[in-house]
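Keep the model open as you read.

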Amino acid sequence: MAKVSSERKPLIIGNWKMNGMSATSRALTRELMQALHNHDACEVVLCPPFTALTQVRELISGTNMRLGGQNGFPADKGAFTGEVSMAMLRDVGCDYVLVGHSERRQHLAEDDGFIARKVFAASGHGLTPVLCVGESREVRLAGESERFVLRQVETGLSMLPHGASFVVAYEPVWAIGTGLAATTHDANAMLSSVRAWLCEKRGILAPNFNLLYGGSVDSSNITDFIAQSDIDGALVGGASLNAQAFAAVVLGAARGHTCTNK
Ligand code: PEP
């Protein structure tokens, strides 16, 4: 099942992870703004560390770029030392928040139930949750990828209010930061299954959501990913830390979108 909308822009999200001091975050943002010249063929979202959100927000305000958090806690306030709420992310100007990134599932033991609460909290505060899902190498080798990913999608979205916007980012764990991207065929097949599941089991159709691929995306492969029928954009880690490399990804996504006239 192909995406329905032809006029929607590719969504390209840069996840800086735990990288960037104040000065380097500002420099990266400025260089990216210069490289893209307020380019508007893609929706570009920057997810810096919490400590740089305000500085990046000040620089991109008035441009087409949007701000996202890398994580948020599913309570509005209170005795949760070290956490940052979805309300706080909204307060500093975020429009998006990553939820359930595999690095948090792995290193911080986040489970699907906790992730579902984050999706609910994000949506309740006007943020678009970017639900990250993806199988490990073991699950893929066992031939269980689709079942595993659809279960993550089902649980992760189980508390999302009807009609709320969201993003699903399919990021196979074995492809993140390894230089070994999934094939365009495999990534598209997985997102096609997610799209069909959303439609058949939940009655949700585009444009309520975007489906992204993530995992070693760079300027050499983005155009082919975006040209696929069910890939609406990309979540980019490593390549988002270099302004020229990330700008090349954004421009490549715009080319992939135009070529196929999706
Ligand atoms: C990510 O962190 O979400 C990611 C996809 O990283 P990379 O692009 O470096 O594989």
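**A glutamate beside the ligand**

Start with Glu171, which lies in the loop between strand S6 (166-170) and helix H8 (184-202). Helices (H or I, at least four residues) and strands (E, at least two) are DSSP runs, numbered from the N terminus. A word on the source: this is a predicted model, in which local features need pLDDT of at least 70 and side-chain atom pairs count only at pLDDT 80 or more, while totals for chains, interfaces and linings use all residues. Residues are numbered from 1 along each chain as its sequence is written, and side-chain values use heavy atoms, leaving out hydrogens and water.

Glu171 is buried but has no salt bridge, and Lys17, the nearest side chain of opposite charge, is 7.0 Å away. Here buried means under 20% relative accessible area, exposed over 50%, and partly exposed in between (1.4 Å probe, protein chains only). A salt bridge needs a side-chain nitrogen of Lys or Arg within 4 Å of a carboxyl oxygen of Asp or Glu; for charge, Lys and Arg count as positive and Asp and Glu as negative, with His and the chain ends not counted.

What does the side chain of Glu171 make a polar contact with? Its partner is the side chain of His101, at 3.4 Å. A polar contact is a pair of N or O atoms within 3.5 Å; within protein, one must be able to donate a hydrogen and the other to accept it, and residues adjacent in sequence count only if both atoms are side-chain atoms.

Now turn to the ligand. His101 places a polar side-chain atom 2.9 Å from an oxygen atom of the ligand. The backbone takes part in such pairs too: a polar backbone atom of Gly177 is 2.6 Å from a ligand oxygen atom, and a backbone N or O atom of Gly238 lies 2.8 Å from a ligand oxygen atom.

Finally, look at the cysteines. A search of the whole structure finds 0 disulfides, a disulfide being a pair of cysteine sulfur atoms within 2.5 Å. For Cys47, the nearest cysteine sulfur is that of Cys94, 7.6 Å away. Cys47 is buried, with a relative accessible area of 1%. Cys132 is in no disulfide either, with the sulfur of Cys47 the nearest at 9.0 Å; Cys132 also counts as buried, at 2% relative accessibility.
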